[in-house]
Amino acid sequence: MSALEDLLRGATLALETRGPGSTDVVRGTGFLVAPGIVATCAHVLADRLEEMSGTVVWAQAATGRELVLEAPPEWYLRVDVGGLDLALLRMPLDTNLPHVLLCDVLEPGDAAWTFGHPAGQFRAGQSALFTAQGASRLRAVDAHGRSLDREWQPERVYGTPVGGGYSGSPVLSRRTGAVCGMLCSSDKAGSAHMVSAADILVALPQIAEVQVDATRNGKWFAELRDDQIRAGGWAYPGPRLRAYLQAAVLGAREHPYPGLLTEIRPRRLTGVHLDQLVRPITTHQDYGVHASSSALAPPGAMSAQGILDQDGDALVIAGPGGGKSTLLRSGLITLAERWGAGQTGGCNRAPTGRWVPVLVPAADLVLPLNLHDAIAASVEKDLSIAAPSQEWPPQLFNSEPLLGVGWLVLVDGLDEITDAETRRKLIAKLRNASHRRDSPYRFVVTTRPLPAAEMPGEQSGDWPPRRYELLPFNSEDLDRFAARWFTEVQSPEQVARDFISELRRQGLYELACTPLMATMLCQLYTDHPDQRLPDSRGKIYLAFVDLLYERQLTVGLRAQACAALQESGQDAVAEAEHMLDSLPDLIAYLAAERHAGNTAPALDLLSTQLAARRPSKVSEAKWRIFLEAALRGSGLLTLRAGEAVFLHQTLLDYLAARYHTRDQHSRLQAYGKLNHPARYRRGAIEPGVSPRVWGRRFWKPPRKHADSFVGFLIDLGYADATGSTSALDRLLMRLATQGGLEGCEFIARQARQGTWLPQSITRSAAVTLADLAREPRRLFGVWDRVKAARALAELGEQLGIDLLASLAQDPLLSGGEHVIAAEALAGLGNPRGADLLVSFTQDSSLGQCRVKAAWALAGLGDLRGLDAFALMAQDSNLDDADRLDAAEVLAGLDPRRAVKLMTGRTPQRPFEALAGVRDQLGVDLLASLAQDPSLVGWLRVRAAGALAELGDRRAAGLLALLAHNPDLRSDDRARAAELTEREFTPTRPTQW
């Protein structure tokens, strides 16, 4: 007996009824369709409602319990003989009996099974099999047998002959695994008819309410196959999807940077993860504008996790170690748990959501495969440990995982694809998949900052449409992170306070606001609480990596690895010991090869090095196992589908830099590659570079996306006391004095990310930046002056703040230029910037710049920006286009406020802004506006068009009416007719 058959038997009751004054007992069957509600045939109780008064109903459950059921007259639904043969009974709620799952999906040819309580020797219960034949048409008759105009359409089935007592038996569809109807009549020759599940579902509101809520029947849903769930159209994860979600959560919960001391390390990512903030940005130039991380409320508009709940694809940008991977991993856990994953017993609570998450490294998607094939291959690799016996077929990822639910593809590390052309092709691949008709995908992509020409959205047809900067921890975040990290040590609160004090004392507080850096510093402090923490980013990584190697020795990994080679002789063991001694250098070599774009298998690369060559008496297979164990035991790499990969890109950056600075000759070669002399070209002057002689050289900094690696080169160069730093000094001084704005910004970025720099270098860069920020020349625009002042402020110079404030109020500059300077000032955490932006929103002479100032405020998370948008949307001094811009922005930021604004009495209201309102009020208001005869025709047409863009079913009829409305102008009618013929690709319906 299958589990579904067992559930159906448990919900089925043997019924006996007896009318008032009668000794005859009518036997039938009933079944629970909701807690306390039993469905049966009306004729089991009486032929007509008038005859039912006083009828007594006894029931016996499968458990043997006997009950008396109530037959409410209003629940007797048969109106005429030959009409709907359905009645509902009330039973006590304390029975704890299960109710069935109903589904009205039934096609001719579907196999069905029933279990009823026929009269006779099988009264205890009997099964029967049927095949669906389709609907019949039964005409109702009156009490005298005369035909009436009303008719009912019962479903016909054919199969096992059934007789008396089967009336009221539930019929289970094999295709959906749910009850598709209830037997009501048969001819004892194999033909039978049944009340459809659709009729039962609409019989009482209580039934529909229970049946649409999967949490009310979790046991039944848990027994359905994937194909049954899809056939029934339920948004409930089937066995394969539940297995995927469970495995994905298991994989994502492990912290990506394991602690050093096993007895106190946080074992789960969710134990220490903090939700960071993001702010929307428009172009790559906006990245880093709001760089302050010391305020209690850092600039930003929303929770980073909120990105995952929005519509549309998104790009998240953050610097090295900024929390991108952790954001996606924690987001996957959050979304998967909405479907009940990660709980004991599987999906045992409300499965809800609009998206099913799947996490994929960007590098896995560049293979010449269809997208769903590439996703499946990546998932197979990532979940091979969490679910070793499971298979994830590509077809799973080629369509919606559930009806009306899409895949949220979390693409991690776009920047880790080193080739720019390969990145461009991947961006195009994702964009095309997203724009595909009926696409099941939505993408959230993470990356470090890339060159402008290579950044998604700049050269990819404005895709993705939403771009965000992931902001660092603020002071409250860092305090909470430390408190969570040290929960398992003695006196955790005191240790956390001492840690924060040590960060401030050594000037590491700002640096620790980067999540990965905070993690590493916590680990270093845990291991040596009495020692000073390293004072630069490079020294922190040096101490962290050395501590990992030290841990490898102390936990016995060396002994374990060598024990496997004992049988090959002492010479083999000695060579293995030598390999382990050389392991740091070997891993650094591997990192350098990976940084250079070499994708050959790690073990093949290591085998080319003398220190890792196989001893003659050790087999190839055994030596590869030994090398693999050594790499995995280092704590720097992990295995992914049998291939060693670095735990984090910044670890790869550091180790590659360590390889390139291993000796004086290597350092000079590396610094030589960083030297980027360029030539002056007429008409192509770099900002801040003085073209004294055409064709002379000046120095350009390394590309921005290489900042992490270059910073480690600088740190390691200055940390080596044995070597000369003159070459490095010359390189940095050229950038500070002859590299113009770009060179000085490089110096400021390095200082900001924690690279140690000589004071002579930072002072020279500050002098250059101050001169550039004051430069009024035509060749040096205001935006470049603002960038110079901001970089100066990032070097810790108060003059940078003062210059930004001055630029924001310079009477020689335009309103738009004032907004740019004020926004940069506010982004550094200075309240003067926000106050200036507020004043700009109130200046009626600024026109469109008022909207820009309000948008800048909103991007800062300042509520005064929303107030400004609301006022400007109603300001008659602004032209219609500017008011429309203001209303549209307000609709995206504060939907309900926008709805209230649109319902107010404002002349020429920008109604189409409501298309951006993710609220049912906005959608309904659009429909009413399209029907408002007091509005001008073009506004009514635009409201109906916006409704069509949202996929609302009312749009087609409204556009057709407007197209034939003689009161509208001919061009408005033509526009409505044009929209009627257009095929819209609606946004995914919002679940209100």
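## Nonpolar cores

The largest nonpolar core of this predicted model has 129 residues, and those with the most contacts inside it are Phe499, Leu503, Met579 and Leu837. A nonpolar core is here a set of buried Ala, Val, Leu, Ile, Met, Phe, Trp, Tyr and Cys residues joined through side-chain atoms within 4.5 Å, where buried means under 20% relative accessible area, exposed over 50%, and partly exposed in between (1.4 Å probe, protein chains only). Helix H15, residues 515-527, gives the most to this core, with eight residues. A second, separate core of 105 residues includes Val249, Leu327, Trp339 and Leu371. In soluble globular proteins, nonpolar side chains tend to be buried together.

Leucine 837 touches Val819, Ala822, Glu823, Ala826, Ala853, Ala856, Leu857 and Leu860, when residues up to four places away in sequence are not counted; a contact means heavy atoms within 4.5 Å.

## Basis of the model and its confidence

Residues are numbered from 1 along each chain as its sequence is written, and side-chain values use heavy atoms, with hydrogens and water left out. Because this is a predicted model, local features need pLDDT of at least 70 and side-chain atom pairs count only at pLDDT 80 or more, whereas totals for chains, interfaces and linings use all residues.

The protein averages a pLDDT of 82, and 83% of the residues score at least 70; pLDDT is the predictor's confidence in each residue, from 0 to 100. Over residues 289-300 the pLDDT is below 50, although this stretch has 48 contacts in the model beyond near neighbours in sequence. Residues 342-349 also have a pLDDT below 50, with 21 contacts in the model beyond near neighbours in sequence. Where pLDDT is low, the predicted coordinates should not be read in detail.

## Overall composition

The protein has 39 helices and 25 strands, which are DSSP runs numbered from the N terminus (helices H or I, at least four residues; strands E, at least two). Buried residues make up 53% of the 992 residues in the protein. Among contacts between residues at least 6 apart in sequence, 66% join residues at least 24 apart.

## The six-stranded sheet

An open sheet of six strands has the order S5-S4-S1-S2-S3-S6, with antiparallel pairing; two strands pair if DSSP finds at least two bridges between them. Strand S5 (66-69) and strand S6 (87-90) stand at the edges, each with a single partner strand, so one side of each is left without a neighbour in the sheet. The twist averages 35° from one strand to the next, with axes taken as lines fitted to C-alpha atoms, for helices over the stretch in contact, and angles running from 0 to 180 degrees between N-to-C directions.

Strand S1, residues 12-18, is mostly covered, since five of its seven residues are buried. S1 pairs in the antiparallel sense with strand S2 (residues 26-34) over six bridges, and glutamate 16 stands opposite arginine 27 in S2. Five bridges join S1 to strand S4 (residues 56-60), again antiparallel, and the bridge partner of leucine 15 in S4 is alanine 59. Four bridges join strand S3 (residues 37-40) to S6, where threonine 40 stands opposite alanine 87. Helix H1 (residues 3-11) packs on the sheet, touching S1 and S2, and its direction makes about 25° with that of S1.

## The seven-stranded sheet

Seven strands form an open sheet in the order S16-S15-S21-S17-S20-S19-S18, with mixed pairing, and its edge strands are S16 (302-303) and S18 (355-361), each of which pairs on one side only. S15 and strand S21 (residues 466-470) pair in the antiparallel sense over four bridges, and arginine 279 stands opposite glutamate 469 in S21. Helix H7 (residues 239-253) lies across S18 and strand S19 (406-412), running at about 50° to S18, while helix H10 (residues 371-382) lies across S18, S19 and S20, at about 80° to S18.

Threonine 447 is found in strand S20 (residues 441-447) and is buried, with a relative accessible area of 0%. Leaving aside neighbours within four places in sequence, threonine 447 is in contact with several residues, among them Leu315, Val316, Leu414 and Met455. Proline 280, in strand S15 (residues 277-281), counts as partly exposed at 23% relative accessibility.
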